[in-house]
Amino acid sequence: MARVYNFSAGPAVLPEEVLQEAAKDMMDYKGCGMSVMEMSHRSKMFQDIIDTATADIRDLMGIPDNYKVLFLQGGASQQFAAVPMNLMKNKVADYIITGQWAKKAAAEAKKYGKVNEVASSADKTFSYIPDCSDLDISPDADYVYICENNTIYGTKFKTLPNTKGKLLVSDVSSCFLSEPIDVSKYGVVYGGVQKNVGPAGVVIDIIREDLITDDVLGGTPTMLKWKTQADNDSLYNTPPCWGIYICGLVFKWIKKMGGLEAMKEHNVKKANILYDYLDESKLFKGTVEKESRSLMNVPFVTGNEELDAKFVKESKAAGFENLKGHRTVGGMRASIYNAMPIEGVEKLVEFMKKFEMENK
């Protein structure tokens, strides 16, 4: 069977090259007679896999020497608790609410201290990123928290908030490695990998070393203490070995594609094909304010629920998978992560034009 164009928000499309290489290594990784899924995480072979993956992501993102890279489990959602547990010294944090995930992270942090919602775009169903140039940052805030790209709503911070000297913590799950970022502007950057980097089951944390201490909230589980993980180089317990191996292959693929600058160029080109059509279409329209549009997630609607359902059904029959929008927005959503080829977006737009002609 031919592969479909998979527009899923996550777990999402992976580069075919990576899948082929993983398939080739499935039964016998580099002549060791077993799969990566079967080898000991204490073996030299796995140590080489995690060391190479760490070196490659450091190189790709230009991660400064005073930041630690951790490959953890529990997904981004587990970091919603780990962040306050490790950082809430004054038990105060400022959260910018731009969608479901920031909302959930703030709700989790409220269990450990005072959370101030210093900005929000809830008034317009999270269809824009609020102006964060002059926020009322709490003088005693331990950190300021954002979800940088909002998968459900299709928005992205184009400018980081002015945290007035406070630590910035960012969940980058759905824009991870899609474009260059300056890691030194953050205290903590983390993301679940199942959208742009690998299979579900791994979260990558990039943490400034001075923030990794024994001074954590009482009751913090051993596994959620960043110091436990950092002191053991992500190998305190059995890590998600297979997931880390795939992430490593994806890092190599991005390097081969030309790194994060080339990746951004590729993503901008792809997104423009879809946004340009949505801007001129009489039937479909995007749901996000132009200056807040994500390169990764593009929600759109016809304005008619029955027509939306018809589009989702017919697009699936035509080989376009997972275009149904999130229940809180409705309509459709095309997630066009790094591994989605330009051809996939061109074919989707072609199909949308045809649908528009037939459903005037």
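This is a predicted model: local features need pLDDT of at least 70, side-chain atom pairs count only at pLDDT 80 or more; totals for chains, interfaces and linings use all residues.
Residues are numbered from 1 along each chain as its sequence is written, and side-chain values use heavy atoms, with hydrogens and water left out. Local features need pLDDT of at least 70 and side-chain atom pairs count only at pLDDT 80 or more, while totals for chains, interfaces and linings use all residues.

**Stop one: the surface.** Select M26, M27 and M37, which form a nonpolar patch with about 340 Å² of accessible area together. Patch members have over 30% relative accessible area and no salt bridge, and nonpolar side chains (Val, Leu, Ile, Met, Phe, Trp, Tyr) are joined within 5 Å. Areas come from the Shrake-Rupley method with a 1.4 Å probe. Now centre on M26: its relative accessible area is 32%, making it partly exposed (between buried, under 20%, and exposed, over 50%).

**Stop two: inside.** The whole structure holds two cavities of 30 Å³ or more; a cavity is a set of points on a 1 Å grid where a 1.4 Å probe fits but cannot get out, and lining residues have an atom within 4 Å of a point.

For the largest, select M61, E148, K156, V172, C175, F176, L177, S178, E179, I181 and L260. They surround about 80 Å³ of space, and the lining divides into seven nonpolar, one polar and three charged residues.

**Stop three: the second largest cavity.** Select V13, L14, P15, K195, N196, V250, W253, N338 and A339. Here the space is about 30 Å³, with six nonpolar residues, two polar and one charged in the lining.

Terms used:
Patches are made of residues with over 30% relative accessible area and no salt bridge: like charges are joined within 9 Å, nonpolar side chains (Val, Leu, Ile, Met, Phe, Trp, Tyr) within 5 Å. A salt bridge is a side-chain nitrogen of Lys or Arg within 4 Å of a carboxyl oxygen of Asp or Glu. Buried means under 20% relative accessible area, exposed over 50%, partly exposed in between (1.4 Å probe, protein chains only). On a 1 Å grid over the protein atoms alone, a cavity is a set of points where a 1.4 Å probe fits but cannot get out, and a pocket is an open set with protein on both sides within 12 Å along at least five of seven lines; lining residues have an atom within 4 Å of a point. Grid points are joined across faces, edges and corners, and a volume is the space filled by probe spheres set on the points. Ala, Val, Leu, Ile, Met, Phe, Trp, Tyr, Cys and Pro count as nonpolar, Asp, Glu, Lys and Arg as charged, and the others, Gly among them, as polar.
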